[in-house]
Amino acid sequence: METLDRVARNAMQTLRPPPRLRLSDWIESELRLPAGVSATPGPVHLWPFQRAIADSIGDPATERVTVVKSVRVGYSTLLSAAIGSYIANEPSPILLLMPTEADCRDVVVSDLEPIFESSLPLRGLLSAEADETGRNTLLSRRFPGGSLKIVPSRAPRNLRRHNVRILLCDEVDGMENTAEGDPLLLAERRTLSFPNRKIVVGSTPVFEDGRVLSAYALSDMRIYECPCPYCGMLSEIVWKDIVWPEGEPQKAEWRCPSCSNTVPERLKAEMVANGGWRATRPEVIGHHGYKLNALISPHVNASWGRLAQEFVAAKGNPDNLRVFVNTYLAEGWRDGGEELDEDGLRSRTEPFGLRAIPEDVILVTCGVDMQDNWADFVITGHGRTETFVLASGQIHGRYDSADLWLELDDLLKTTWPHPRGGRIKVDAALVDSGDGEHQPHVYAFARPRFNRRIAASKGMAGFSRPFLERSSVKGTPVFVVGSDSMKNSIFNRLSAGGSIRFSADLPAKFFEELVSERRVVKYTRGQPSRAFERIPGRRAESLDALVYAIAARGLINADLDRREAELSTPAAPQRPPAVIRSAWLDR
């Protein structure tokens with residue numbers, strides 16, 4: 001009888017599935033990174049702070065994982081590894097949500113396909129030939145037992161078509177709300193039919209009330225703590241504790257908040273290796289939240305001295321400082337005032353202008369906002385760190401008359417004396433082509449002048465849009481200006497102080513229209529989204545022209561040292577080639 005019991009127990013052990021391998025162990029034993037994906041190709045060796053995140057993603061008892069991340073902490077590798085593990089070990093319907101289609105294509109071509117090809121257990125599982133139906137595409141792959149869809153958040157109709165068990169989301173703070181609402185919420189609804197669903201949300205934060213920090217606030221809110229080499233106390237390494245000698249940020253060290261001893265960079269690796277995650281809200285079950293900044297990254301480019309140098313370079317410009325706070329410190333940004341003060345801005349004017357250009361101006365740009373019977377223009381000068389609003393005015397005439405375009409062309413060809421001894425002219429200009437009736441006339445003006453960096457432009461809403469993106473319409477270069485992101489930048493710079501300076505020659509109309517909009521937060525189905533709204537009774541042509549003028553700086557890729565030398569040479573710049581006047585403009 002005893003022998004039979006032993007045989008039965010052995011049989012049960014044989015039938016029982018093997019112990020589940022933690023995702024961190026599977027990654028290190030099976031995953032390989034090719035040279036094009038990693039600076040250190042070969043088998044993956046997870047950093048200490050990555051292991052717990054990986055295991056939470058692979059843990060069936062954890063429904064949600066939220067990661068508030070900086071750059072240089074390897075989150076993209078963890079996502080690719082999670083996709084590989086689920087395809088190889090737990091085939092399921094998987095959806096990867098990213099902000100744009102370009103992001104989706106890039107992650108497939110640059111990360112997923114190379115990693116799958118380099119890792120033996122994954123080889124062939126994601127190929128276009130893996131599915132006998134022949135329905136595989138770059139962003140939609142089928143495999144035995146499941147599928148992988150990589151979907152941009154700007155296409156909500158794609159979210160309605162899929163029910164998924166595994167939802168992975170990257171850079172959620174870069175996603176704009178659509179007409180159907182928050183794309184993250186739409187995607188989460190596609191997981192409701194699966195009781196064993198997994199939702200992983202990660203992003204570099206943008207604003208304090210953004211998606212990823214809001215999700216993190218609902219989690220158990222884990223922080224990574226490291227022991228001080230001197231007193232042994234565990235502390236999170238945060239920016240306020242990074243110190244350096246005056247004028248020597250490259251010598252930055254961490255000051256322990258418990259014993260006040262300073263710790264040099266060479267001890268960081270040991271501190272991080274001996275550190276661990278602590279849940280600050282342990283009562284929350286099933287939702288693991290992780291917040292990690294670049295201060296614990298072992299990358300050479302994330303050394304405390306290198307980050308301190310980048311901070312010193314960025315702190316004078318709100319745009320650059322926001323990027324530093326978001327991407328390195330993994331903290332949300334708090335905007336300044338929601339309305340600009342007209343009288344306060346007017347009181348900051350200074351005695352410079354086109355007849356007395358400041359010596360710090362190295363480049364000049366122009367923005368043009370088109371109306372039916374006139375064109376508003378703003379001319380800005382750009383130094384190494386400051387923007388100077390040099391002039392604002394109007395050119396009168398209908399948009400379809402040759403005289404208006406000839407006068408604008410003359411303005412853009414004008415040169416002015418520079419205090420260094422040379423002469424300066426408009427280096428680049430953007431002309432608004434957003435109105436359908438104005439569009440062909442703007443294209444006809446800009447197309448033959450593109451070699452002078454005069455281009456058609458169109459403003460597009462969205463706080464996460466880049467300041468300037470090149471496009472084209474029937475062979476005509478057209479530049480898409482992120483109007484909301486650019487206005488937000490202008491608001492922040494004006495709220496912070498003097499990085500935008502104003503000429504005393506500017507008319508009162510310029511300041512009235514500069515403050516014609518206010519920044520607001522609107523809620524759609526409970527989700528916040530930022531926008532600019534027009535103050536009733538105000539016109540905004542000067543604000544729009546300023547947006548185009550500052551955005552036009554992105555058209556110029558100049559050697560600033562060489563430009564300064566040229567401006568110190570009395571010889572005038574070469575006159576641009578003559579443009580043949582088209583009779584079409586007279587029609």
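Predicted model: local features only at pLDDT ≥ 70, side-chain atom pairs only at ≥ 80, totals over all residues.
Colleague: How should I read the packing of helix α2 and helix α4, and at what angle do their axes cross?

Modeller: Two packed helices are described by the angle between their axes together with the distance between those axes. In this model the axes of α2 (residues 23–30) and α4 (residues 75–89) come within 10 Å and cross at roughly 90°, and the two helices are therefore roughly perpendicular to each other.

Colleague: Which residues of α2 and α4 meet?

Modeller: From α2 the residues are L23, W26 and I27, and they meet L78, A81, A82, G84, S85, A88 and N89 of α4. By class, this contact of α2 with α4 comprises seven nonpolar and three polar residues, with no charged ones.

Colleague: How many cavities of 30 Å³ or more does a search of the whole structure find, and what lines the largest cavity?

Modeller: Rolling a probe the size of a water molecule over the atoms shows where empty space is left. Here the search finds four cavities of 30 Å³ or more, and the largest has a volume of about 60 Å³. Its lining consists of S76, L79, S80, I83, L96, M98, V107, D111 and D170, to which α4 gives the most, with four residues. Five of the lining residues are nonpolar, two are polar and two are charged.

Colleague: What classes of residue make up the lining of the second largest cavity?

Modeller: That cavity holds about 50 Å³ of space, and of the 11 residues lining it, D59, P60, Y86, R165 and K198 are the closest to its centre. The lining has six charged residues, three polar and two nonpolar.

Note on methods: Residues numbered from 1 in each chain as written. Heavy atoms only, no water. Axes fitted to C-alpha atoms, helices over the stretch in contact; angles between N-to-C directions. Parallel < 35°, antiparallel > 145°, perpendicular 65-115°, else oblique. Contact = heavy atoms within 4.5 Å. Nonpolar A, V, L, I, M, F, W, Y, C, P; charged D, E, K, R; others polar. 1 Å grid on protein atoms, 1.4 Å probe; cavity = no way out; pocket = protein on both sides within 12 Å on 5 of 7 lines; lining within 4 Å. Points joined across faces, edges and corners; volume = space filled by probe spheres on them.
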